[in-house]
Amino acid sequence: MSFALNTVYNNYMTSYTPKSVTRYDAHKKSELRSVYNTIVNQNKDAPWYLPTTSRETQRYAVDLKENARELRNTLAQLGGLEEDSLFSKKSVYSSDENVATASFIGSHKAGQTTLDLQLEVHSLASSQENLGLFLPDTRVALPTGTYSFDLGLGDVNYEYQFTIDGSETNRQVQDRLARLVNNSGIGIRADLAESDGRTSLRLTSEQTGLGPGRSSVFTVTDDHTSKTNGTVEYFGLDYVSREASNASFVINGQEQTSPRNRFTFDQNYEIALHGVTQEGCPVQVGLKTDLESLTDNVTHLVGGYNEFLRAASSYLDSQSRSRQLVKELKVIALTYGDSMEPMGLTMGQDGTLHIDSDTLHRSAQSCQDIPETFGYLKNFSNMLLRKSNQVSLNPMDYVEKVIVAYKNPGHNYVSPYITSAYSGMMFNSYC
């Protein structure tokens, strides 16, 4: 069952709308209970609908939910989950974003002192790579039979079984093994490397770096496998062509290491490493001014709204109910259109918002009371937050459905999973 769930989740994350995962995707029990109670209340008097079977509609519903989650996370990162914290998020600058980028994750309390950083990156964290033997595209030389090998990842061993009938070429078997490993979704990527007409099966770990006491991320053996052995030696799967290594860097004169290229520092910064610094040229990382942070926050807010609107608009030709969502989003923006224009925010014909950075900067610089002047954006954000929560809870509300029957008022029973019909859509073709 766990293998099936891994396969389903892997398909969902790669085939639908892969979105970034943030700390706002983790919830307390009380928050989950609140979501459940909301779903129950929504469904008390909801009519019964025919199940949605169109694959395009199913993809649309899942896509809608994921984009709503992305919008909510954008608002949360701006402090939108707490009224007093909205637009108080501080922005971080990096003197060389090709080497490192950073974001502020500390407290927004006034008067808090935050150190500027000098960062020197000596090496990036790398993943483990196993590169097999380069074999010609001729008939595989292994005898006919059922083979297996073990792929050890951490403290867990995964056994892969496959058959060889003698009619396939080396490349065909290598390609089949690559699909077998990739479809298992265990955190190892497999592909074929080519050189001079020969191919090799390459295995690369998604994980970078090494944990304490570890000498490798994964191992490949067939010494104690349940079926015929010999494939590891034949294909050379146990040869480690690149060992995993930790990132090495210096922050404010202190040498440090990390198994990943993204890490937190001093509970204030989340830093992502992208390259190595030149000798004597450290990267400067620090907080932008409040004015620059404000304009960055407004830019991120507008970007989140535009992305959500574009995602909904992309289904206008295929999903008639998407027009309703697009209309609702445009109404939210139009409500504050008169307040936005003097600040450099204008609305296009397609409903997207556009920013005149110079006008926005001048408006923020000249205003005496920033919270009051930009108060309309807080209301705009709150309305977007409510809309994203609504769509996330029930994306099926924007799907064309056929009503089967209405419930008997006052004599119905709760069906809390009607709004979550989309959750089973990702299991299609797997169950």
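Is K288 buried, exposed or partly exposed? With a relative accessible area of 28%, K288 is partly exposed, where buried stands for under 20% relative accessible area, exposed for over 50% and partly exposed for what lies in between (1.4 Å probe, protein chains only).

The model is predicted, so local features need pLDDT of at least 70 and side-chain atom pairs count only at pLDDT 80 or more, while totals for chains, interfaces and linings use all residues. Residues are numbered from 1 along each chain as its sequence is written, and side-chain values use heavy atoms, with hydrogens and water left out.

**Exercise 1. Work out the strand order of the five-stranded sheet and locate its edges.**

Start with the terms: strands (E, at least two residues) and helices (H or I, at least four) are DSSP runs numbered from the N terminus, and two strands pair if DSSP finds at least two bridges between them. The open sheet then reads β2-β16-β4-β12-β13, with antiparallel pairing. Its edge strands are β2 (92-94) and β13 (254-258), each of which pairs on one side only. Within the sheet, β4 (residues 117-123) and β16 (residues 283-287) pair over three bridges in the antiparallel sense, and Q118 has Q284 in β16 as its bridge partner.

**Exercise 2. Describe the four-stranded sheet and the helix that lies across two of its strands.**

This open sheet has the order β8-β9-β5-β11 and is antiparallel in its pairing. At its edges stand β8 (188-195) and β11 (240-242), each with a single partner strand, so one side of each is left without a neighbour in the sheet. Strand β5 (residues 127-131) is joined to β11 by two bridges, and the bridge partner of E129 in β11 is R242. Helix α4 (residues 170-184) lies across β8 and β9 (198-208) and runs at about 160 degrees to β8; the axes are lines fitted to C-alpha atoms, for helices over the stretch in contact (heavy atoms within 4.5 Å), and angles run from 0 to 180 degrees between N-to-C directions.
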